[in-house]
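Student: I would like to go through this protein by asking about its parts in turn. Can we start once the model is on the screen?

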Amino acid sequence: MQKKLIAIAVAALASGAVFAQSQVTVYGTVDVGYSYRSSSMSKEKSQHAIDSSQSAPSLIGFTGVEDLGNGNKALFVLEAGFRADDGDTMDTFFNEQAFLGLTGGWGTAIAGRLQAPRWGFLTALDPFGDGTVGRYSNVYNDQLSTNVGRVNNAVAYVSPSFGGFNVTAAYATNAGVLAPQEALGNDGDLVTYTLFPHYTNGPLDVGLVYQDVRMKRATENKQRQWTLGAAYDFGAVKLSAAYDDFRGKELLETVNDKKVRSWMLGLSAPFGKNVVKFSYNENKADNAGKARQFAVGYDYNLSKRTNFYAAYAHMRNKKSDGVYTRTASVDGLYYDGGDYRNGLQLGIKHTF
């Protein structure tokens, strides 16, 4: 559930057996494996590591509901991430999600630390989700605040489904990345507004996300982003695509790109216990050149809850300063300054 967007997570809770009882359900994921990263630049050495959270965050979660009568229920979700390679916890205990809400025939309203709808939607479309070296977010400039995965001090409303169509609206006073804390008097708060109409019908999944990020100051700087995506599951193969248009001004004097266009093409083909995956991602910015990433992956399902995975990705950066690369991380390619351009990961993921 940690990889689902808010609407799907709430829908899953609403339809699950957890609502049949007033009790807490414990669930989680443990993900650990081997990673190798190499560079096309001779000055950089290759890196070998045993890492956690490569294909999915290692976490333990708690969820529960209470029947309030008249079709209404109270619900909560708490998810704490940890590192399976050394047993350490994250700086923030419930760093994945932490929210409380109400749900009924009128829809669902929740408040707390939430998954950003845009991040959740793209994660659901990407064959690699938001994990491994194949993840779509590797080719996004890390300074773009619009690519945040979680928002703090947030509220969201998910409408009921009307023939497969629903709408999510979210508001947060703290995007949690460029401005990790709310400012005094709200001066400096990174405020986000999101509207997400979404349609699912059998194998078809289509959505459009509008996201607005603003810095609360005397002279407001802002960014706005449109993301259109779709996927269709043919059974033998699932195809997905997304297009993203970003326009913005500087936030915290770190973002210089005023126009960025990105797109993703994905494919996953299951057969028996096997799944083969492929994706192509490209990001073109006015002031930062172009980044391209090719990724291939393979999953083998040892059981319903345990799988082996392998992923390889190669990035090409059209600008020598490598702005679309980031420091090697436990959960992605994450290059820095054009250093690591190739990544390979092998691992095992278990859910409970």
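What follows is a set of questions and answers on the fold, the cores and some side-chain pairs.

Tutor: This is a predicted model, in which local features need pLDDT of at least 70 and side-chain atom pairs count only at pLDDT 80 or more, while totals for chains, interfaces and linings use all residues. Residues are numbered from 1 along each chain as its sequence is written, and side-chain values use heavy atoms, with hydrogens and water left out.

Student: How many helices and strands are there in the protein chain?

Tutor: Helices (H or I, at least four residues) and strands (E, at least two) are DSSP runs, numbered from the N terminus. In the protein chain these come to two helices and 17 strands.

Student: What percentage of the residues in the protein chain is buried?

Tutor: Buried means under 20% relative accessible area, exposed means over 50%, and partly exposed is in between (1.4 Å probe, protein chains only). The protein chain has 352 residues, and the buried share is 50%.

Student: Which residues does Phe-99 contact, leaving aside its neighbours within four places in sequence?

Tutor: Phe-99 is among the core residues that touch the most other members. With the sequence neighbours set aside, its contacts are Leu-75, Phe-76, Val-77, Ile-110, Ala-111, Gly-112, Arg-113 and Leu-114.

Student: How many residues are in the other core, the one that includes Phe-121 and Phe-196?

Tutor: That core lies apart from the largest one, and Leu-125 and Ala-231 are also among its members. Its residue count is eleven.

Student: How are the rings of Phe-121 and Phe-196 arranged: stacked, edge-to-face or tilted?

Tutor: Rings of Phe, Tyr and Trp (its six-membered ring) pair if their centres lie within 6.5 Å; planes under 30 degrees apart count as stacked, over 60 as edge-to-face and the rest as tilted. Six aromatic pairs are found in the whole structure. For Phe-121 and Phe-196 the centres are 5.1 Å apart and the planes are at 50°, and the pair is tilted.

Student: Which elements does that pair tie together?

Tutor: Phe-121 is buried at 1% relative accessibility, and Phe-196 is buried at 0%. The two residues are 75 apart in sequence, so the pair ties together helix H2 (residues 117-125) and strand E9 (residues 190-201).

Student: How far apart are the closest N and O atoms of Asp-245 and Arg-261?

Tutor: A salt bridge is a side-chain nitrogen of Lys or Arg within 4 Å of a carboxyl oxygen of Asp or Glu. Asp-245 and Arg-261 form one, with the closest N and O atoms at 3.6 Å.

Student: Which residues are joined with this pair into one network?

Tutor: Asp-245 lies in strand E12 (residues 238-248) and Arg-261 in strand E13 (residues 259-271), so their bridge ties together parts 16 residues apart in sequence. Asp-245 is buried at 10% relative accessible area, whereas Arg-261 is partly exposed at 30%. Through salt bridges that share partners, one network joins Asp-245 and Arg-261 with Arg-224 and Arg-247.

Student: Is Asp-212 buried or exposed?

Tutor: Asp-212 meets Arg-214 in a salt bridge, at 2.8 Å from N to O. Arg-214 is partly exposed, at 26% relative accessibility. With a relative accessible area of 5%, Asp-212 is buried.

How values were computed
A nonpolar core is a set of buried Ala, Val, Leu, Ile, Met, Phe, Trp, Tyr and Cys residues joined through side-chain atoms within 4.5 Å. Contact means heavy atoms within 4.5 Å.
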